[in-house]
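Please look at the sequence and the structure shown below. The paragraphs after them go through some parts of the structure in turn.

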Amino acid sequence: MYRYDEFDHAFVSARVEQFKDQVERRLAGELTEDQFRPLRLMNGVYLQLHAYMLRVAIPYGTLSSRQMRKLAHIARTYDRGYGHFTTRQNLQYNWPALKDMPKVLDELAEVEMHALQTSGNCIRNVTADHFAGAAADEVADPRPYAEILRQWSSMHPEFSYLPRKFKIAVTGAERDRAAIQVHDIGLHLKKNEAGEIGFAVYVGGGQGRTPMVAKKIRDFLPVEDLLTYTTAIMRVYNLNGRRDNKYKARIKILVHETGTEELTRQVETEWLALKNSDLKLPQTDVDAIDSYFRPPHLPQRPEGWSALASARKADHAFAAWVDQNVTPHKNPDYGVVTISLKPIGGIPGDATDAQMDLVADIAEQFSQDEIRVSHEQNLILPHVAIADLRIVYDLLLTDSLATANAGLITDIISCPGLDYCALATARSIPVAQRISERFADPARQADIGELKLKISGCINACGHHHVGHIGILGVEKKGEELYQISLGGSGDEVCTIGDITGRGFSSEEIVDAIETIVDRYLEVRTDKEETFLAAYRRLGAAPFKEALYGEAANAA
Amino acid sequence: MSVKVLTANRLTDGEAVWLGANGEWLDHIDGALVARHAEAAAALEEAGKAAIKSNLVIDVNVIDVEERGEHLYPVRLRERIRQLGPTVRLDLGKQAEKPAANAA
């Protein structure tokens, strides 16, 4: 894992001191809210419905056990005993008092964490594949490059007041688990024919009120050009992105209005001037960062396979969990464990302080002291020996952390929605809970197979509904919550924005409507191998609309 | 018939509060100063502007409520949730402090 150097420590400490002073001046009435608001937002402090909310950055979703224990301690000491893991691999506390914020930031700084750039029109926390450094299908670990981008973008004077917020995601495998094509910049780490590492560069993706799939503007960018090229993109955006209309200010609108070809030309022109500047990455710098992310030494543990076979045979529930929540590791004696934060009927992404402590203990003992946060609001133990799966499972079971539903219909992404969020127009968590309960039966979930269901409580789409195989958007209509369904979205390497089915459904109707869609899928799929998404792509919306609204729905 | 009250979040901890008839900011909506006609609503707006300057509260808004017996019932679900707490965590927020009607 990356460790702060002296500069990082001094930089974060200085920011905490600065914010401490700003909070004191605000509480003393020396700063007005208009003056203070942008300052608190730059430090991750929002105002929600019931209290302030603090959003803590978890760069590329990577945590040590010590850091996780600190997050648990903060939840226990300054909040209400829990935190909410978000779709941007961050953690949100829902109840901290303003006067406590400097103390919380002090505590975070002790473990090399902060809340910088989790808000505001800057380059936000860089996200990455949550299986980075572990997945069997990985070409290269994306985290060193995410870390280089983090260092470069932190408090970048030129890019701290962009037209709008800016999100970068990096993946290092063909299978895109980081949803890079719905980010402002998506970087796909790959090898060229000569075996060199570089990036395919995507620009202008995003969700929100105008969802767009990013456009690939470069098929292979050498690693040394990572910062020069990114700077070129940022400069074109900073200069030409709209500042007159908040809703048209993201780079996706600029790409759309300019055209991909012309935008690419502008970026390449800008890049020519930058290509050989100081921003060109020396290999020594790349190697220095890369050294923090070297794969841990994993002793061979071949005994695990026979132990696993007998444990599976003896316990069907354990076998189901292994099948669903353990994915192949680079080292065949190991697995990557997904800890579901989606217990049946639970609140997606929420974890208690005790659960965080438990995960920290397990990671320390059984996963090389490493934990990841996924944008799907789960936690990951990246390096667990097959031989240790049974004991890890048993430990997770002790605090409701062993739900065997990763990638299934109850593994629902949900934003906080109107239960917490000041921007929300409808509740999303209760809908997720009711759907989870409706599909609770493990056999039924297994029969349905992979199905990514995502719910947002407003058009800003924090719940990624546009890229849900089934997406749900909650809105307020005539004072009531109304839920619009979209189908066929996908945030992976074949990225698509879901199609809206038609009229929305009331809170009472929405769970039945989802069940209707799922039942129709089970009727029309060719066989169990054809996933919901594959069936939708083969058949289109018609059979699902007909199931939802009757034959009249397709007549037009 | 809906009437209006003034609501905000307390500066120090962000807690939802309502302006009381005595000019104090109350932790609960019952007891809030109710505006029943346009002039009174305008006075609430003015009180809101003054409250922001006083640095006791932030995010001040005039909201619609219904008078139901002795209780005030916000018209919008958003305000009912602010009044009580998250509907998915009945152990948190104001609803955890005193028995109250279900927000939904």
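How many residues does the contact take from chain B, and how many from chain A? This is a predicted model, and in it the contact takes 23 residues from chain B and 22 residues from chain A. On the side of chain B that touches chain A, the elements giving two or more residues are β4 (57–68) and α2 (77–84) of chain B. Of the elements, α2(B) gives the most, with four residues. Sorted by class, this side of chain B has ten nonpolar, seven polar and six charged residues.

Next comes a sheet in chain A. Strands of a sheet pair through backbone hydrogen bonds, and the pairing is either parallel or antiparallel. Here five strands form an open sheet with mixed pairing, in the order β6-β7-β8-β9-β10 (chain A). β6 (127–128) and β10 (215–222) of chain A are the edge strands, each pairing on one side only. Two bridges join β6(A) to β7 (residues 168–171) of chain A in the parallel sense, and Ala128(A) stands opposite Val170(A) in β7(A).

Two helices accompany this sheet. Helix α5 (residues 143–153) of chain A packs on the sheet and touches β6, β7 and β8 (185–191) of chain A; the direction of α5 makes about 160° with that of β7(A). Helix α6 (residues 226–240) of chain A lies across β8, β9 (197–203) and β10 of chain A, at about 10° to β9(A).

Finally, consider a pair of helices. Helix α16 (residues 507–524) and helix α18 (residues 542–549), both of chain A, pack at an angle of about 135°, with their axes 9 Å apart. α16(A) and α18(A) are therefore oblique to each other, and the crossing is right-handed.

Technical notes:
Residues numbered from 1 in each chain as written. Chains lettered and ligands numbered in written order. Predicted model: local features only at pLDDT ≥ 70, side-chain atom pairs only at ≥ 80, totals over all residues. Axes fitted to C-alpha atoms, helices over the stretch in contact; angles between N-to-C directions. Parallel < 35°, antiparallel > 145°, perpendicular 65-115°, else oblique. Left-handed = near helix turned anticlockwise from the far one by under 90°. Contact = placed C-beta atoms within 7 Å. Nonpolar A, V, L, I, M, F, W, Y, C, P; charged D, E, K, R; others polar. Pairing = 2+ DSSP bridges.
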